[in-house]
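Here are my notes on the model you sent over. Have it open next to you while you read.

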Amino acid sequence: GSPNGFPGEWYLVNGNSAIDAGVQGAWTRDLTGLGIVIATVDDCLQTNHPDLSPNFDAADSFDFGQNDPNPDPVHASDEHGVCVAGVAAARGGNGIGVTGTAPWANIAGLRVDFDAQTVAMFVNATLYHSIGSNTSIKVKNHSYGQSPPYGFAGAETDAVEQSAQSGTIHIFSAGNERGSSEGGEDSNKKMPQSSPSVITVAALGSNGKFASYSSFGANVFVTAPSSGSGLLRIVTTDRMTKAFGYNGNPDSFPDADYTSLFGGTSSAAPVVSGVMALGKQAQPGLNVRFAKHILALSSTIVDGSDATEASDGGWKTNAAGYKFNQNYGFGLINADKFTQMAAAYGGVSPLAVEVIGLQNINQPIPDNSLSGIATNFTINSQTPLEEMQVYLNVTHTFRGDVEAFLTSPSGTTGRLMLASGQDDGNNIDWTFTSNAFWGENPHGVWVLTVRDVASGDTGTWNSFNVGARMGSL
C-alpha cells in the first residue's frame with residue numbers, strides 16, 4: 001500500500017495492468033535475492049537508512065572518492081544512489097516504506113564522487129570484489145552514462161569486460177537522451193553501454209510505451225518500468241530528512257525518507273539488477289551471457305504496434321524466431337519467467353568468436369543517398385549467434401549524417417546506429433553491437449551498408465571489422 005494519492009510500487013506489482021516487472025511469482029517461490037550481493041556504483045548509499053540498513057553489506061562497500069570503506073553521502077548533492085539502491089534492494093516485509101526488487105539481497109555501495117569524478121574511480125568501482133580472488137559482488141548496477149555521442153570510455157569498458165569474465169553481471173542504464181540537443185539518443189553510441197559484457201536497460205512508462213526520454217539502440221537488451229512524462233513515477237528510498245534528497249521540493253510524499261519523484265533509466269536499471277539477484281539465487285551459475293540468453297527468451301513484448309523511427313522497423317522477428325525492437329530490446333523484463341527459465345537450464349556453451357579482420361573500403365559515401373555503399377563479408381561458423389559487433393572507421397565533417405545497417409544471410413536487417421541531425425561532431429571510430437540477430441545461424445554472406453542521409457557535409461568510409469559472438473544454452 002501507499003499513502004493516498006501515491007501510486008505505490010506499481011513497477012513491481014501492478015494489479016490493474018501488465019506493466020510491471022513480474023516479481024510476484026518469483027517472490028511467491030521464495031526468491032528474494034537472499035545471499036546475493038548487489039552493488040550500486042553511484043554517488044552514495046545511505047547506510048543508516050531504516051529501509052536499506054537491514055540489507056547493507058559493509059564488507060563489500062567502498063568510497064572511491066575518499067578512499068575509505070564508507071559509501072555514505074559526502075556532498076549535499078549526493079542523493080541519486082539512495083534511490084537506486086532502494087529500487088534494487090530496499091528491505092521488504094519489514095512493515096516500513098518500500099520493498100526493493102530483490103527485498104532480501106545484500107546491498108553494497110561503491111561510491112564515486114560525481115562532483116570530482118575520475119576515470120580511475122569508475123574503473124576501480126567496476127573491478128572491486130568482481131575480479132581475481134574476491135568476486136563476492138555478483139551484480140553491479142550502473143545508473144549513469146555520458147550524454148554526448150561517441151564519448152570514449154575505453155578503460156571503463158575494459159574493466160567491465162574483465163569483471164564480466166569473472167562472473168559479475170553488470171547492468172547499465174541505456175540513457176535519458178532521446179531527443180537530446182547533443183544527438184546522443186542512440187545508446188549504441190555510448191560506452192560501456194555498447195559492450196556485449198553489459199545488459200543495457202531502456203525505460204517503459206506506466207502507459208506501456210517507451211518513456212519519452214529513454215535512449216534506444218541495437219545494443220539495448222531489455223526494458224523495465226520507470227517514470228514517464230505525465231505518467232506514474234517511482235516511489236523509493238530517498239536521502240533521509242526533508243533537507244536532503246528528492247523529497248525536499250516539490251515532492252509532497254509525507255515521509256521525507258522516501259520520494260515519489262524518482263525515475264529515468266536510472267530507475268529502470270536497478271529493477272533489472274534486482275531481478276538478476278533473484279535469478280542468481282535460483283541459478284547460481286548465472287553470468288551475463290547466460291542471463292542474456294534467458295532474457296531473450298523470457299521478456300514480454302510491449303507496444304506491439306510500435307512503428308517509430310527509433311524502433312528500426314518496429315518489432316522484427318529474426319530467422320531464429322526472436323523478436324527485437326531497438327526501443328525495447330527483447331521486451332519488458334518478467335522476473336517470474338526469467339527465474340523459472342534460469343533454473344531450468346544448466347548454463348551456456350563457451351563463447352565462440354569469429355573475426356573478420358580490418359577490411360579497407362576507402363570510398364566516398366554518396367551524399368544524401370539512401371543507398372549508400374554496401375560491402376559483403378562471409379562468416380563460416382554455424383554456431384548460433386549472440387551479438388554481432390561491427391567496427392566502423394569513417395571520416396566525415398558532420399558524423400550525425402551517417403547511419404549503418406547490417407543484413408544477415410537469413411535476410412534480417414538491423415540498424416547499427418541512427419543518423420542524428422543534432423550531432424555535428426567529426427568522424428566515427430567506433431564499435432557497434434547489435435542484438436537483432438540473436439540465435440541466427442551466421443553462416444554465409446552478410447551485407448554491411450553505410451549511408452549519409454543529409455545533404456551538405458560529406459565523408460569517406462575508410463574501413464571496418466566484424467566480430468561474431470556465438471553460443472547457446
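The points below go through the sheets, a few loop residues, a surface patch and the salt bridges.

1. Ground rules. This is a predicted model, so local features need pLDDT of at least 70 and side-chain atom pairs count only at pLDDT 80 or more, while totals for chains, interfaces and linings use all residues. Residues are numbered from 1 along each chain as its sequence is written, and side-chain values use heavy atoms, with hydrogens and water left out.

2. The seven-stranded sheet. Seven strands make an open sheet with parallel pairing, in the order β2-β3-β1-β4-β5-β6-β7. The edges are β2 (62–63) and β7 (222–225), each with a single partner strand, so one side of each has no neighbour in the sheet. Helices (H or I, at least four residues) and strands (E, at least two) are DSSP runs numbered from the N terminus, and two strands pair if DSSP finds at least two bridges between them.

3. Strand β1 (residues 37–42) and strand β4 (residues 139–142) are parallel and share four bridges, with I38 opposite V139 in β4. Helix α3 (residues 119–127) packs on the sheet and touches β1, β3 (106–111), β4 and β5 (169–173). The direction of α3 makes about 155° with that of β4. Contact here means heavy atoms within 4.5 Å; axes are lines fitted to C-alpha atoms, for helices over the stretch in contact, and angles run from 0 to 180 degrees between N-to-C directions.

4. For the cut-offs, buried is under 20% relative accessible area, exposed is over 50%, and partly exposed is in between (1.4 Å probe, protein chains only). Six bridges pair β1 with β3 in the parallel sense, and D42 has R111 as its bridge partner in β3. On β2, which runs parallel to β3 and is joined to it by two bridges, F62 has L110 as its partner in β3.

5. The antiparallel sheet. Another open sheet has four strands in the order β13-β18-β15-β16, with antiparallel pairing. Its edge strands are β13 (373–379) and β16, each pairing on one side only. On average, neighbouring strands in this sheet are turned by 25° against each other, direction ignored. Between β13 and strand β18 (residues 444–452) there are seven bridges, and I379 is partnered with G444 in β18.

6. Backbone spots to look at. The M191 to P192 peptide bond is cis, with omega near -5°, and P192 is in the loop between β5 and β6 (198–204). M191 also turns up as a contact of F152: leaving aside neighbours within four places in sequence, F152 touches Q146 and M191. F152 is in the loop between β4 and α4 (154–165) and counts as exposed at 67% relative accessibility. Then there are two non-glycine residues with positive phi: N67 at about 55° and N427 near 70°.

7. A nonpolar patch. L297, Y345 and L473 form a nonpolar surface patch with about 220 Å² of accessible area together. Patches take residues with over 30% relative accessible area and no salt bridge, joining like charges within 9 Å and nonpolar side chains (Val, Leu, Ile, Met, Phe, Trp, Tyr) within 5 Å; areas come from the Shrake-Rupley method with a 1.4 Å probe, and for residues only the protein chains shown count as cover. L297 lies in helix α6 (residues 288–298) and is partly exposed at 34%.

8. Salt bridges. The structure holds twelve of them, each a side-chain nitrogen of Lys or Arg within 4 Å of a carboxyl oxygen of Asp or Glu. One joins D63 and R111 at 3.0 Å, N to O; D63 is in strand β2 and R111 in strand β3, 48 residues apart. Both D63 and R111 are buried. Another links E387 and K292, with the closest N and O atoms 2.9 Å apart. E387 sits in strand β14 (residues 385–396) and K292 in helix α6, 95 residues apart. E387 is buried at 1% relative accessibility, and K292 is buried at 2%.
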